[in-house]
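User: Please take a close look at the charged side chains in this model and how they pair. I would like one connected account, with the cut-offs stated.

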Amino acid sequence: DAFRIADFLRIERYQVPVIKEEKYVALQRLTRTRYQLIHQMTECKQHFLENLYYTCNTLTQEIPTSVFSASIMDILSDSLSLDEISQMKMEDLAERLNKAGKGRFSDPEKLAKAIQKAIRDSYRIGKVLQDSVDVVLATYARIIAGLKKQIQTLDKSIESLCVIISEAQSLMSVPGIGPVYTAGLIAEIGQIDRFDNEAQLAKYAGLYWKVSQSGTFRAERTPRTHTGNEYLRYYLIEAANSVKRCDPVYRAYYQKKFNEVPKFRHKRALVLTARKLVRLVDVLLRDHLIYTPKRGGIADNQ
């Protein structure tokens with residue numbers, strides 16, 4: 001940044017400004033706050049699992065649903081301890097789960113049985129520690145539930161703001177990229193014209209690998225640079241993860257990169273898929289196009 005500022009003051013190298021219209025600044029405030037809340041929730045979930053392991057180390061393997069589902073979190077954030085849950089009547093626990101899950105469980109009694117079995121099969125700890133862990137679990141469960149509600153509120157505000165941004169339609173035409181990811185990308189990119197090409201956009205996002213060579217030798221494996229706009233990088237990677245589930249071209253590319261190495265396969269393949277997505281984002285925003293996944297369309301040319 002200091003280098004760019006110095007060049008601008010000396011020779012006015014960078015002449016294309018970033019648009020500071022109110023709607024873009026407002027969008028950036030929303031998307032960056034969402035990013036921060038997502039990271040807070042991830043950290044809370046990690047602490048929750050650490051404490052859960054003390055008192056019920058097999059729960060995550062035994063139950064046929066996520067431990068962070070609304071129904072499980074609702075029970076754990078209640079005033080009941082895990083021992084009380086394990087001693088409840090099967091019918092009562094199944095009814096409580098069915099109510100918390102709003103009737104979405106096909107077999108709530110099976111889930112209730114799995115929860116009780118996981119609690120009973122776990123090793124026993126002292127009452128003092130058990131009581132402390134129960135309080136901690138209930139606290140984190142409430143925090144996670146609160147963060148989820150705040151994120152949902154932000155998502156609604158982001159969606160309503162996306163409606164008045166013209167270029168949002170281009171990105172939302174891509175299968176898997178909804179209003180939230182679209183808003184995150186547009187808020188950080190700003191004017192696409194301030195980037196000469198998609199390579200500059202990728203470098204700005206930190207999806208860039210430095211060349212490592214000495215004489216005629218050129219390394220095949222080079223680490224990704226850890227500079228760049230972390231917000232833009234996050235939304236590109238999350239968008240790529242969503243697009244690969246919806247678009248066969250990106251799914252095939254992800255799978256190809258996934259099979260190339262034995263370690264860190266998902267992370268590497270996802271980052272490379274995000275780098276590929278940069279080219280599509282650049283074309284759509286620069287030329288004001290709508291994504292067409294047909295043969296000969298934009299997707300086949302990436």
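**Salt bridges and a buried arginine**

Arg268 and Glu260 are joined by a salt bridge between their side chains, at 3.2 Å from N to O; the term stands for a side-chain nitrogen of Lys or Arg within 4 Å of a carboxyl oxygen of Asp or Glu. This is a predicted model, in which local features need pLDDT of at least 70 and side-chain atom pairs count only at pLDDT 80 or more, while totals for chains, interfaces and linings use all residues. Residues are numbered from 1 along each chain as its sequence is written, and side-chain values use heavy atoms, with hydrogens and water left out.

Glu260 also forms a salt bridge with Lys257, at 3.5 Å from N to O. For exposure, buried means under 20% relative accessible area, exposed over 50%, and partly exposed in between, with a 1.4 Å probe and protein chains only. On that scale Glu260 is partly exposed at 39%, Arg268 is partly exposed at 30%, and Lys257 is buried at 15%.

A further salt bridge links Asp282 and Arg286, at 2.6 Å from N to O. Asp282 and Arg286 are four residues apart in helix 14 (residues 265–287), so about one helical turn separates them. Helices here are DSSP runs of H or I with at least four residues, strands are runs of E with at least two, and both are numbered from the N terminus. Asp282 is buried, with a relative accessibility of 7%, whereas Arg286 is partly exposed at 24%. The structure holds six salt bridges.

Arg233, in helix 12 (residues 230–246), is buried but has no salt bridge. The nearest side chain of opposite charge is that of Glu230, 5.7 Å away; Lys and Arg count as positive and Asp and Glu as negative, with His and the chain ends not counted. The side chain of Arg233 does reach the backbone oxygen of Ala205, at 2.9 Å.

As for the setting, the protein has 14 helices and two strands, and 42% of its 302 residues are buried. Among contacts (heavy atoms within 4.5 Å) with a separation of 6 or more, 65% are between residues 24 or more positions apart.

Technical notes: A polar contact is a pair of N or O atoms within 3.5 Å; within protein, one must be able to donate a hydrogen and the other to accept it, and residues adjacent in sequence count only if both atoms are side-chain atoms.
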